[in-house]
Amino acid sequence: MTAVSGINAASKGLGVISNNLANAQTVGFKSSRAEFSDMFYGAQNSPGNGVRVESITQDFTNGTINDTGRDLDMGSDGEGFFVLEDKTGRFDNVFTRNGSFKLDKE
């Protein structure tokens with residue numbers, strides 16, 4: 001069971017890495033990191049019974065803000081998000097770090 005838990009955790013970790021690589025050039029993308037933890041058996045006095053992905057955290061450090069020359073492009077300096085209206089009506093608001101805004105007919 002220990003070996004299987006390692007394979008499963010490594011697979012999830014590779015999934016996080018491949019998501020980071022696939023989205024690296026996406027405007028506003030924030031990379032993620034898999035955090036691993038040891039699995040215990042019984043009263044936590046027997047470590048080494050496997051590994052699991054404890055959590056997947058996002059890195060919200062600021063990236064490079066570049067001047068695009070467009071008046072409606074904005075960048076966020078800090079941990080904030082742009083709050084947008086959800087036109088589908090499924091959610092009250094949606095949040096993004098992508099600051100490429102355009103005017104629509106409304």
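## Asn20 in the helix

Asn20 belongs to helix α1, which covers residues 2-22. Helices here are DSSP runs of H or I with at least four residues, strands are runs of E with at least two, and both are numbered from the N terminus. The model is predicted: local features need pLDDT of at least 70, side-chain atom pairs count only at pLDDT 80 or more, and totals for chains, interfaces and linings use all residues. Residues are numbered from 1 along each chain as its sequence is written, and side-chain values use heavy atoms, with hydrogens and water left out.

Is Asn20 buried or exposed? Asn20 counts as buried because its relative accessibility is 16%; buried means under 20% relative accessible area, exposed means over 50%, and partly exposed lies in between (1.4 Å probe, protein chains only). Leaving aside residues up to four places away in sequence, Asn20 touches Phe29, Ser31 and Ser32, where a contact means heavy atoms within 4.5 Å. A polar atom of the Asn20 side chain lies 2.8 Å from the backbone oxygen of Ser32.

Ser37 is part of strand β1, residues 32-38. With a relative accessible area of 18%, Ser37 is buried.

The side chains of Ser37 and Glu54 are joined by a polar contact of 3.0 Å. A polar contact is a pair of N or O atoms within 3.5 Å; within protein, one must be able to donate a hydrogen and the other to accept it, and residues adjacent in sequence count only if both atoms are side-chain atoms. Glu54 is also among the residues that Ser37 touches, together with Gly50, Val51 and Arg52, not counting residues up to four places away in sequence.

## The whole chain

The C-alpha trace spans about 60 × 30 × 20 Å along its principal axes.

Of the 106 residues, 18% count as buried. Among contacts with a separation of 6 or more, 36% are between residues 24 or more positions apart.

## Surface

The protein exposes about 8,400 Å², and carbon and sulfur atoms supply 53% of that area. Accessible areas come from the Shrake-Rupley method with a 1.4 Å probe; for residues, only the protein chains shown count as cover.
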